[in-house]
Amino acid sequence: MKILIVGTGYVGATTAMVFAETGWQVTGLDVDAGKIERLKEGRLHFHEPGLEELIAKHVRSGRLQFTTDKAAAIAGHDVVFICVGTPSGTDGGADLRYVRQAAEDIARHMDGYKLVVTKSTVPVGTQERIKAWIAQAQPAPLPFDVASNPEFLREGKAVEDALRPDRIVIGADGRRAAERLKSLYVSFACPRLVTTPRTAELIKYASNSFLATKISFMNELAKLCDKLEVNVSEVAEGMGLDPRIGPSFLQAGLGYGGSCFPKDVSELVGAARKHDADLRILEQVMDVNRTQSAYLLDKARLRLGGFAGRTVAVLGLAFKPDTDDIREAPALRIIDRLLREGAAVRLYDPVASLPGGADYRAVAVCEEAEDALRDADAVMLCTEWPAFGRIDWEEAKRLLGQPNFFDGRNMLDAERMRRIGYYYQGIGSGY
């Protein structure tokens with residue numbers, strides 16, 4: 001079988017790579033000619049460690065190709081994965097316009113049986129809508145199946161997750177679609193769960209929402225830890241040793257961001273409301289996350305006596321390390337507040353960039369972390385890039401106007417930072 005990937009963003013490019021790596025002939029299709037030209041040269045249009053090298057490898061081998069020709073691509077492939085974006089719409093639900101466009105393109109150009117697979121994160125019931133869109137747009141009736149195969153990729157760890165997944169979920173309402181899709185993953189040793197399409201669609205939302213709940217729970221607990229003079233990191237370590245809980249996503253900090261958790265939690269809550277159901281826990285999860293960055297700002301404001309006229313070094317912009325994704329990044333909320341309250345902001349991130357527009361023209365974007373630190377009244381660490389852990393913070397203290405350090409990711413050793421002369425505050429550090 002030959003595989004077509006519709007959409008060459010984060011999910012599409014990673015999916016194309018993993019199938020090429022496991023021996024399939026793959027083509028990536030996108031309407032963005034600039035992206036396609038870069039990919040033909042083996043170059044990515046976003047930052048994801050290790051992915052560019054593997055894409056380049058398979059472009060050179062001929063196993064992975066890229067095109068903008070919809071008609072030829074759809075006609076020439078047996079399995080078509082829809083990997084287009086599903087941004088939040090104005091009503092808070094997923095905007096499926098790109099999914100519908102892909103479905104209608106498939107309908108117009110298919111020349112025989114196709115297995116259409118939704119990899120994009122879509123609301124429950126979307127598989128049924130795709131079937132209807134394809135049937136309505138076909139010039140003449142041709143057989144097809146539509147299945148769901150959600151992705152579970154972590155930004156910054158996409159290669160690892162794609163090549164060594166912890167599970168593969170297949171949502172199909174017929175044996176033919178399920179068996180064909182399972183055959184694409186024959187080389188993977190992980191569990192393969194076959195469900196209905198609706199179940200598969202909900203598994204994706206439920207998984208991300210549960211992980212977001214763990215994060216918000218720890219962030220709430222961290223505030224109590226500060227009151228009780230208990231270190232939340234030690235509490236998390238003790239909790240994580242229980243196999244029923246596990247150590248993942250127990251790190252207190254500034255909250256979650258990125259393209260998945262905020263959108264998926266919000267859309268699941270919205271779907272529940274449409275069906276006259278309440279997901280009150282998730283509503284609180286969202287509320288905690290919206291206000292979490294203010295908690296660190298309150299600590300800094302109290303220490304500095306206000307931000308007006310102060311210079312603040314912000315270390316890290318991306319919502320997490322090893323990505324350039326700034327969607328819903330907590331650092332943006334912090335920068336916005338600092339600017340509104342009259343601070344001079346110096347920013348350093350090794351990969352990510354501020355969005356365009358007038359809102360951030362006042363921010364001094366620095367080439368090196370040391371440039372951001374120079375003469376600053378406070379440091380706010382917003383992304384736990386490994387490079388920040390390698391800074392000689394005893395030497396760096398000499399660059400600062402005042403050695404005030406607010407660690408939004410609990411990345412550094414609090415006792416050491418205080419010992420070498422910093423006023424150091426984390427999230428739930430117990431002081």
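Which residue in β10 is the bridge partner of Thr311?

Guide: The bridge partner of Thr311 in β10 is Ala344. Some ground rules come before the rest. This is a predicted model, where local features need pLDDT of at least 70, side-chain atom pairs count only at pLDDT 80 or more, and totals for chains, interfaces and linings use all residues. Residues are numbered from 1 along each chain as its sequence is written, and side-chain values use heavy atoms, with hydrogens and water left out.

Now the strands. Helices (H or I, at least four residues) and strands (E, at least two) are DSSP runs, numbered from the N terminus. Two strands pair if DSSP finds at least two bridges between them. Strand β9 covers residues 311-315 and strand β10 covers residues 344-348. Five bridges join β9 and β10 in the parallel sense. Both belong to an open sheet of six strands, ordered β11-β10-β9-β12-β13-β14, with parallel pairing. β11 (364-365) and β14 (423-425) are the edge strands, each pairing on one side only.

Next, the helices on the sheet. Contact means heavy atoms within 4.5 Å. Axes are lines fitted to C-alpha atoms, for helices over the stretch in contact, and angles run from 0 to 180 degrees between N-to-C directions. Helix α12 packs on the sheet and touches β12 (378-381), β13 (404-407) and β14. The direction of α12 makes about 170 degrees with that of β13. Helix α13 (residues 330-340) also packs on the sheet, touching β9, β10 and β12. Its direction makes about 155 degrees with that of β10.

α12 itself runs over residues 280-304, which is 25 residues. The expected span of a helix is 1.5 Å times one less than its number of residues. Gly305 follows α12, with a positive phi near 75 degrees.

Glu328 is in the loop between β9 and α13. Its phi is near 60 degrees, a positive value in a residue other than glycine. Buried means under 20% relative accessible area, exposed over 50%, and partly exposed in between (1.4 Å probe, protein chains only). Glu328 has 43% relative accessible area, so it is partly exposed.

Finally, the core. A nonpolar core is a set of buried Ala, Val, Leu, Ile, Met, Phe, Trp, Tyr and Cys residues joined through side-chain atoms within 4.5 Å. The largest one has 61 residues. Leu315, Leu317, Ile335, Leu338, Met380, Trp393 and Phe405 touch the most other members. Take Leu338. Setting aside neighbours within four places in sequence, Leu338 is in contact with Leu297, Phe307, Val312, Val314, Ala343, Val345 and Met380. A second, separate core holds 43 residues, including Tyr10 and Leu153.
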